[in-house]
Amino acid sequence: MSQPSSTEPTTSPIVRRVVPIVTGLFAALCICWVLDVPQYLGFAFFKEQLLAPVVGLSLVTVFISVPVNRGKRGKLPWYDAVAALAAVAVMGHVMLAYPRLVDDVALRTTETLVIGIVSVALVLEGLRRATGHVLFFIVTTFVVYGLLGHFVPGQLTARAVGADWLFIYLAFDPSGLFGTPMTVGATIVLLFILM
């Protein structure tokens, strides 16, 4: 009996059923946004209210279809299911409560801090699984530099930033998780690939 290659999908029947649904919903959300369906229906949304479920559905796809260790395949582990549910819960909450959360960002509430930490952790783990260790280490290095850059001597020294500010910034700022690259990916790149 031969070992499965690292390019084989997870063999869980749940994964084989859920991945097409999640990716189809992901594509439908992006298409509806580009076609201004919410506006035609009389709803007003922030762009981040589209990007939050896009990030959540992307993370679900990664967590249930790409195992922690590339060589290990088989049944969906409990921790991957928990990570996928956490991604849906956090990003679903961001989508529904975003107008209120934007006001709470400046206050650095516990809610925004927890969302920031969980979002950054889930995105970093999804990045590691999807792209490998190199990009993960590059992004992690910049996050650590954001925290400890004020200890770096010379011209590379940075302003001291608290961990609470950094994680909230990475999760909610337009230059962070829901910034231009995510917007371009969800509204232009996906549609270009589909067409």
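Trainee: What are we looking at here, and how many helices and strands does the protein chain have?
Mentor: The protein chain has eight helices and zero strands. Helices (H or I, at least four residues) and strands (E, at least two) are DSSP runs, numbered from the N terminus. Mind that this is a predicted model, where local features need pLDDT of at least 70, side-chain atom pairs count only at pLDDT 80 or more, and totals for chains, interfaces and linings use all residues. Residues are numbered from 1 along each chain as its sequence is written, and side-chain values use heavy atoms, with hydrogens and water left out.

Trainee: OK. What box do the C-alpha atoms fill?
Mentor: Roughly 55 × 50 × 30 Å, taken along the principal axes.

Trainee: And what share of the residues is buried?
Mentor: Of the 195 residues in the protein chain, 36% are buried. Buried means under 20% relative accessible area, exposed over 50%, and partly exposed in between (1.4 Å probe, protein chains only).

Trainee: Among contacts between residues at least 6 apart in sequence, what percentage join residues at least 24 apart?
Mentor: That comes to 67% in the protein chain, with a contact meaning heavy atoms within 4.5 Å.

Trainee: How do the lining residues of the largest pocket divide into nonpolar, polar and charged?
Mentor: There are 20 nonpolar, nine polar and no charged. Here Ala, Val, Leu, Ile, Met, Phe, Trp, Tyr, Cys and Pro count as nonpolar, Asp, Glu, Lys and Arg as charged, and the others, Gly among them, as polar.

Trainee: What about the second largest pocket, which residues line it?
Mentor: Its lining is L29, C32, W33, V37, P38, L41, F43, F45, Q49, L50, P53 and M95. Helix 1, helix 2 (37-40) and helix 3 give two or more residues to that lining. The second largest pocket has a volume of about 220 Å³, and its lining splits into 11 nonpolar, one polar and no charged.

Trainee: Tell me about Q49. Buried or exposed?
Mentor: Q49 lies in helix 3 and is buried, because its relative accessibility is 11%. A polar atom of the Q49 side chain lies 2.8 Å from the backbone oxygen of M95. Leaving out residues up to four places away in sequence, Q49 touches M95, L96, Y98 and P99.

Trainee: How many aromatic pairs does the structure hold?
Mentor: Four. One of them is F43 with F45: the ring centres are 6.1 Å apart and the planes sit at 40 degrees, so that pair is tilted. Rings of Phe, Tyr and Trp (its six-membered ring) pair if their centres lie within 6.5 Å; planes under 30 degrees apart count as stacked, over 60 as edge-to-face and the rest as tilted. F45 is partly exposed, at 44% relative accessible area.

Trainee: On to the backbone. What's the phi of D36?
Mentor: Near 60 degrees, a positive value in a residue other than glycine. D36 is in the loop between helix 1 and helix 2. R108 also has a positive phi, about 50 degrees, although R108 is not a glycine. R108 sits in the loop between helix 4 (78-105) and helix 5, partly exposed at 38%.

Trainee: Last one, I168. Where does I168 lie, and which residues does I168 touch?
Mentor: I168 lies in helix 7 and counts as buried because its relative accessibility is 1%. Not counting residues up to four places away in sequence, I168 touches V105, R108, T112, L113 and D173. From I168 to I117, it's 51 residues in sequence and 7.6 Å in space, C-alpha to C-alpha.

Terms used
1 Å grid on protein atoms, 1.4 Å probe; cavity = no way out; pocket = protein on both sides within 12 Å on 5 of 7 lines; lining within 4 Å. Points joined across faces, edges and corners; volume = space filled by probe spheres on them. Polar contact = N/O pair within 3.5 Å; in protein donor to acceptor, adjacent residues only side chain to side chain.
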